[in-house]
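Please have the structure open as you read.

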Amino acid sequence: MTVSKLTPALILVLTSPAVMASGFALIEQSASGQGLSYAGAAASAEDASVMWFNPAGLTQIEGSQAVAGMHVLLPSNDFTNSDSRIEGVMPLSGDDNAATNGLVPNLYWKGQYGDYALGFGLNVPYGQKLEYADDWAGRYQSIETDLKSVNLNANIARKLNGHTSIGFGVNAQYVTLNMSQKIFTGGADGEAEIEADSWGYGYNLGLLTQVSLSTKVGLSYRSEITQNAKGEVDYNGLAPGQTLKSDVTLPATAMFAVTHDLNEHISLLADATWTGWSAYDELVIEFANGSRSETNQNFKDSMRYALGMIYDYSDDWRFRTGIAFDETPVPNAESRSSRTPDSNKTWVSVGFNYQVTPSISLDAGYSHLFADKAKINKHETLSPSGLDNYVVGEYETHVDIVSLQMVWNY
């Protein structure tokens, strides 16, 4: 008996999306940016968290600084079944909401060495936990998805002259994954569980220039990162477990951002971000027994657009607001997976900064994400039976995000 064909549905979620951003990137990397829907993030250097969006922004921060942030993510991801089935065998029923709450931490440090600004960041660029009921309609394609990651990012930046700065960074990224799904046997269901992990490496760079007394422009780029995932699949006694490996390319991103000081109190911000999801095209999995599986993900490149405003009310208080549109890379219902139930999202955000002491300030941000309804019509061939399984229905998603951070200048 062989059930190795199960694992494409499992392993593809090594890069499956958290519901907080389109695609599979977590943009929640700054509480100051959260209140703006991350508008203008590559051109606005309010604190050291700018290094994630544009390392050149480190040159705008005087002295040394430490930033500690936390984001509380409260998603809802309701699935309504319409025609899920095992073709020619039986219909499958069961609505569900697999979303679970999550925490995303960020840590940043900025220092100075002569003419060079130095920075180090610790981030969570990917992460999600989806947990469906054992008897939901899509149980033969997914039950649990638990994805965790950490990114270590060292940066250096320098001013080229009085109005232009450049920055460069290197990244080491670790991903760990645990997943499960049911196996159809015609009798009592079996279950498959997978564990996998990987280290990947990449770089980021940026440019920040003051084009006028009131306007700054930022350009930044984050490279692709290839994860050479290795792990094991356990069939819980139904068949012998085995090891597997798969190379997965996480996409590059590029951001163009502008900030403009309308007057001494109001600043306007805007940006456009491209993500090269087409690099994540085909997933190839190699098994210890010599078999091989290929799955086309059909992802397309996507764009994100954001507008924001900062209002400096006083020396102690600063208020923020922003809106954004996140385009999904999932092209249609046939390409949408129950592990990747992504759709276009609209952000609405508010936030503030409060100067507690001359050296310590606090940032808070809140966002509500409205997601388009997402139809799913996902077909997979069940192993070992060879039967056709369809998950058919609709997802309705919304997300609330609360972000807090402390900034310490020393």
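Why does Leu362 count as partly exposed? Its relative accessible area is 38%, and partly exposed covers the range between under 20% for buried and over 50% for exposed. Please keep in mind that this is a predicted model.

Leu362 sits in strand S21, which spans residues 360-371.

## A negative patch

On the surface you will also find a patch of negative charge, where Glu193, Glu195, Glu232 and Asp234 gather. Here the elements giving two or more residues are S10 and strand S12 (225-234).

Glu195 belongs to strand S10. With a relative accessibility of 54%, Glu195 counts as exposed.

## Aromatic pairs

Across the whole structure, a search finds 17 aromatic pairs. One of them joins Tyr132 and Trp136: the ring centres are 3.8 Å apart and the planes lie at 5°, so this pair is stacked. Tyr132 is buried at 5% relative accessibility, and Trp136 is buried too, at 1%.

Tyr313 and Phe319 form an edge-to-face pair, because their planes lie at 70°, with ring centres 6.1 Å apart. Tyr313 counts as exposed at 52% relative accessibility, whereas Phe319 is partly exposed at 33%. Both residues belong to a cluster linked by ring pairs, which also includes Tyr311, Trp317, Phe352 and Tyr354.

Terms used
Residues are numbered from 1 along each chain as its sequence is written. This is a predicted model: local features need pLDDT of at least 70, side-chain atom pairs count only at pLDDT 80 or more; totals for chains, interfaces and linings use all residues. Side-chain values use heavy atoms; hydrogens and water are left out. Helices (H or I, at least four residues) and strands (E, at least two) are DSSP runs, numbered from the N terminus. Buried means under 20% relative accessible area, exposed over 50%, partly exposed in between (1.4 Å probe, protein chains only). Patches are made of residues with over 30% relative accessible area and no salt bridge: like charges are joined within 9 Å, nonpolar side chains (Val, Leu, Ile, Met, Phe, Trp, Tyr) within 5 Å. Accessible areas come from the Shrake-Rupley method with a 1.4 Å probe; for residues, only the protein chains shown count as cover. A salt bridge is a side-chain nitrogen of Lys or Arg within 4 Å of a carboxyl oxygen of Asp or Glu. Lys and Arg count as positive and Asp and Glu as negative; His and the chain ends are not counted. The place of a charge is taken as NZ of Lys, CZ of Arg, CG of Asp or CD of Glu. Rings of Phe, Tyr and Trp (its six-membered ring) pair if their centres lie within 6.5 Å; planes under 30 degrees apart count as stacked, over 60 as edge-to-face and the rest as tilted.
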